[in-house]
Structures are given as structure tokens and as C-alpha cells.
Amino acid sequence: MSVLQTILVFVVPTVGLYLLIVALVVVPRRADRPRYRSGQPWPYEPLWWTANPEGAQLPAADGHPVAGDRGGARGSW
């Protein structure tokens with residue numbers, strides 16, 4: 001196998017695949033909605049989030065009460 005054949009077999013498809021992935025990722029984002037630039041007014045309602053709704057005296061977000069002393073990887077601490 002010559003150097004040219006090796007490049008055609010191994011390099012060209014690999015570079016082509018990378019370029020295809022980059023095109024699939026970049027092109028849709030450029031055609032998307034306009035981006036927010038700092039200094040522009042924010043057109044959306046504020047969204048408040050807390051990791052511990054019970055600690056902030058708020059109801060649980062999914063409707064299930066946050067209670068119990070189980071947790072960890074095995075749920076036993």
C-alpha cells in the first residue's frame with residue numbers, strides 16, 4: 001500500500017467524519033434564535049431555583065414530599 005492509498009483510506013474518511021459532526025453541531029446553532037448580548041433587556045420572567053425546597057419553606061417541585069434520611073449511592077446513610 002502506498003502512502004497516498006494509506007492517506008485516502010485512513011485520513012480522508014476520518015477527517016470527513018469530523019467535519020460532518022462539526023457541521024451538524026454548528027450549523028443549527030447559527031440558524032437558531034438571536035443570542036442574548038449583555039446589556040440587552042432580558043425578555044423572560046425570572047426563574048428561581050433551589051436545591052432544597054423544603055429548607056426554603058416551599059412545596060416540592062414534583063409534588064412528592066422531600067422527606068426521610070436516606071441517601072447516598074445505596075440509599076442507606
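Me: What percentage of the 77 residues in the chain do buried residues make up?
Reply: Good place to start! This is a predicted model, and its chain has 77 residues. To count as buried, a residue needs under 20% relative accessible area. The share of the chain made up of such buried residues is 4%.

Me: How much of the accessible surface of the chain belongs to carbon and sulfur atoms?
Reply: Let's take the total to begin with: the accessible surface comes to about 7900 Å². Of that area, the part belonging to carbon and sulfur atoms is 64%.

Me: Is Val9 buried or exposed, or partly exposed?
Reply: Val9 belongs to a nonpolar patch on the surface, along with residues including Leu8 and Phe10. Its relative accessibility is 45%. Buried would need under 20% and exposed over 50%, so Val9 counts as partly exposed.

Me: How are the rings of Trp42 and Tyr44 arranged?
Reply: The count comes to one aromatic pair here. The ring centres of Trp42 and Tyr44 are 5.2 Å apart, and their planes meet at 65°. Planes over 60 degrees apart get a name of their own, so this pair is edge-to-face.

Note on methods
Residues numbered from 1 in each chain as written. Predicted model: local features only at pLDDT ≥ 70, side-chain atom pairs only at ≥ 80, totals over all residues. Heavy atoms only, no water. Phe/Tyr/Trp six-rings, centres within 6.5 Å; stacked < 30°, edge-to-face > 60°. Buried < 20%, exposed > 50% of the residue type's maximum accessible area, 1.4 Å probe, protein only. Areas by Shrake-Rupley, 256 points an atom, 1.4 Å probe, with all protein chains shown as cover. Patch = residues over 30% accessible without salt bridge, like charges linked within 9 Å, V, L, I, M, F, W, Y side chains within 5 Å. Salt bridge = Lys/Arg side-chain N within 4 Å of Asp/Glu carboxyl O.
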